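The following paragraphs lead the reader through a structural model, beginning with the individual chains and ending with the way they meet. Please keep the sequence and the structure in view while reading.

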Amino acid sequence: MPSSSIALALVGGALIGGAASGLLLFNGRIAGISGIFGGLLVPEREETAWRVAFVLGLLAGGGVLLVADPAAFPAHQPRALAVLAAGGLLVGVGTKISNGCTSGHGVCGLSRRSPRSLAATLTFMTTGALTVYVVNHIVQGYLP
Amino acid sequence: MKLITAFVFGVTFALGLGLGGMTQPAKIIAFLDVGGAWDPTLAFVMGGAVLVGAVTFPWALRRRKALLGDNFVLPTASAIDAPLLIGAGIFGVGWGLSGYCPGPALVSLVTLSPPILTFVAFMAAGQYLGRWLVRPSAAQEPILSDAG
C-alpha cells in the first residue's frame, strides 16, 4: 500500500465528503445514492429535479474520468456477468430495505453520528467481507 | 440555482469516487478480502469523507434552512430494526459479489460496458423488488423514511 495511493484515497474521500456536505448545506438534501437512484425509479414531484441534476452530475463526472483518467475504470471485470447481475439485484433490494448504501449510511449517516447508520455500515461491511471470503477462498474455482 | 449546485456536487462526488479508486471493483473486492490479500486503502476513502462530513454536517445543520432556502430533508427513522440489518446484510452480499455499490456503478455507466449496464439494470429491478417487499401491507411497520 504505497503512501501515494493512501493520499489519493484521502483526496478522493475528501471530495466525496465535500460534495455530500455541499449538497446538505446548499440544497438541504442527503447525498445517498441508492435513495436518489430509487427516488428516480418512483418519482416524487418535489424531489425529482434535483435528483436528476445530481445524477447527471455523476455521469458528467464519469465522463471527465473517462477522458482524463481512463484507468479509473476496469479493463476487465473481476466477476462473471451472472455474478454481477446477482450482485446488482441484491444491492438494489438491500439498499431499498435498509434505506441506504455506502454513501447514505456510510458517509452521510456516520457524519450525522446516526447510530442506525453505524449499525448498517458495520453490517454491510461484515457481510461484504464474508461474501468475498466465501467467493475468493472457497468457491472461486467453481464460478464460470 | 438548486439544480446547478446539485449538478456540481454530483460531478464532485463522481470525481472523488474515481480518484479514490471506488470505480475499480477489483479494489473493492481486495478491500473486503480481510481473510486474504487485504488492501485497506479504501478505508481512507470513507475515512476522508467522514472526516470532512463529521465537521461540516453538524455545522451546516445548525442553520434553520439550507443556503438556497429549502428545509433540510433528513432521515426520520432511528430504530435499529430488522429491515435495517437484513437490508444492509443483503446489500453487503451484493457488494462483495460484484465489487460495486450504487454510486460507483452509476458513475461507471459512462463506459457503456455491458457488465455495468447489466449491474445497474438488476440494481433497478432490485429497488422495485425491495419496494414491494417493504410495502405497507407486507409488514406491520410503515415504510421507513431514511438516508438513501
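A residue is called buried if 20 or more other C-beta atoms lie within 10 Å of its own, exposed if 12 or fewer do, and partly exposed in between, with C-beta atoms placed from the backbone. By this criterion, buried residues make up 56% of the 144 residues in chain A, and 53% of the 148 residues in chain B. The structure is a predicted model, in which local features need pLDDT of at least 70 and side-chain atom pairs count only at pLDDT 80 or more, while totals for chains, interfaces and linings use all residues. Residues are numbered from 1 along each chain as its sequence is written, and chains are lettered from A and ligands numbered from 1 in the order in which they are written.

The confidence of the prediction may be considered next. The model scores ipTM 0.95 and pTM 0.93. For chain B, the mean pLDDT (the predictor's confidence in each residue, from 0 to 100) is 92, and 92% of the residues reach 70 or more. Among the elements of chain B, the lowest mean pLDDT, 96, belongs to helix α3 (residues 41–60) of chain B, and the highest, 98, to helix α5 (residues 102–108) of chain B.

Chain A contains 6 helices and 0 strands, and its pattern along the sequence reads α-α-α-α-α-α. Chain B likewise has 6 helices and 0 strands, and its elements run α-α-α-α-α-α from the N terminus on. Along its principal axes, the C-alpha trace of chain A spans about 50 × 35 × 30 Å, and that of chain B about 45 × 40 × 30 Å.

Contacts within each chain can be described by sequence separation. Two residues are in contact if their C-beta atoms, placed from the backbone, lie within 7 Å. In chain A, residues 24 or more positions apart account for 44% of the contacts with a separation of 6 or more. In chain B, 48% of the contacts between residues at least 6 apart in sequence join residues at least 24 apart.

Most residues other than glycine have a negative phi. N99(A), although not a glycine, has a positive phi of about 55°. N99(A) is found in the loop between α4 and α5 of chain A, and is buried because 30 other C-beta atoms lie within 10 Å. L112(B) is not a glycine either, and has a positive phi of about 55°. L112(B) lies in the loop between α5 and α6 of chain B, and is exposed because 9 other C-beta atoms lie within 10 Å. V139(A), in helix α6 of chain A, is exposed, with 9 other C-beta atoms within 10 Å.

How many residues of chain A are in contact with chain B? The interface joins 108 residues of chain A to 108 residues of chain B. On the side of chain A that touches chain B, two or more residues come from each of α1 (3–27), α2 (33–41), α3 (48–68), α4, α5 (102–111) and α6 (115–139) of chain A. The largest share of this side, 22 residues, comes from α1(A). By class, this side has 61 nonpolar, 41 polar and 6 charged residues. Here Ala, Val, Leu, Ile, Met, Phe, Trp, Tyr, Cys and Pro count as nonpolar, Asp, Glu, Lys and Arg as charged, and the others, Gly among them, as polar.

Two helix pairs across the interface illustrate its geometry. Axes are lines fitted to C-alpha atoms, for helices over the stretch in contact, and angles run from 0 to 180 degrees between N-to-C directions. The axes of helix α4 (residues 81–98) of chain A and helix α4 (residues 82–98) of chain B come within 7 Å and cross at roughly 155°. The two helices, α4(A) and α4(B), are therefore roughly antiparallel; angles under 35 degrees count as roughly parallel, over 145 as roughly antiparallel, 65 to 115 as roughly perpendicular and the rest as oblique. Among the residues making this contact are G87(A), G94(A) and T95(A) of α4(A), and G87(B), F91(B) and W95(B) of α4(B). The residues of the contact of α4(A) with α4(B) comprise 16 nonpolar, 8 polar and no charged.

The second pair is α2(A) and helix α6 (residues 114–133) of chain B, which pack at an angle of about 80° with their axes 10 Å apart. This angle makes α2(A) roughly perpendicular to α6(B). F37(A), G38(A) and L41(A) in α2(A) meet A124(B), Q127(B) and Y128(B) in α6(B). The contact of α2(A) with α6(B) has 4 nonpolar, 2 polar and no charged residues.

Terms used. Helix = DSSP H or I, 4+ residues; strand = E, 2+ residues; numbered from the N terminus.
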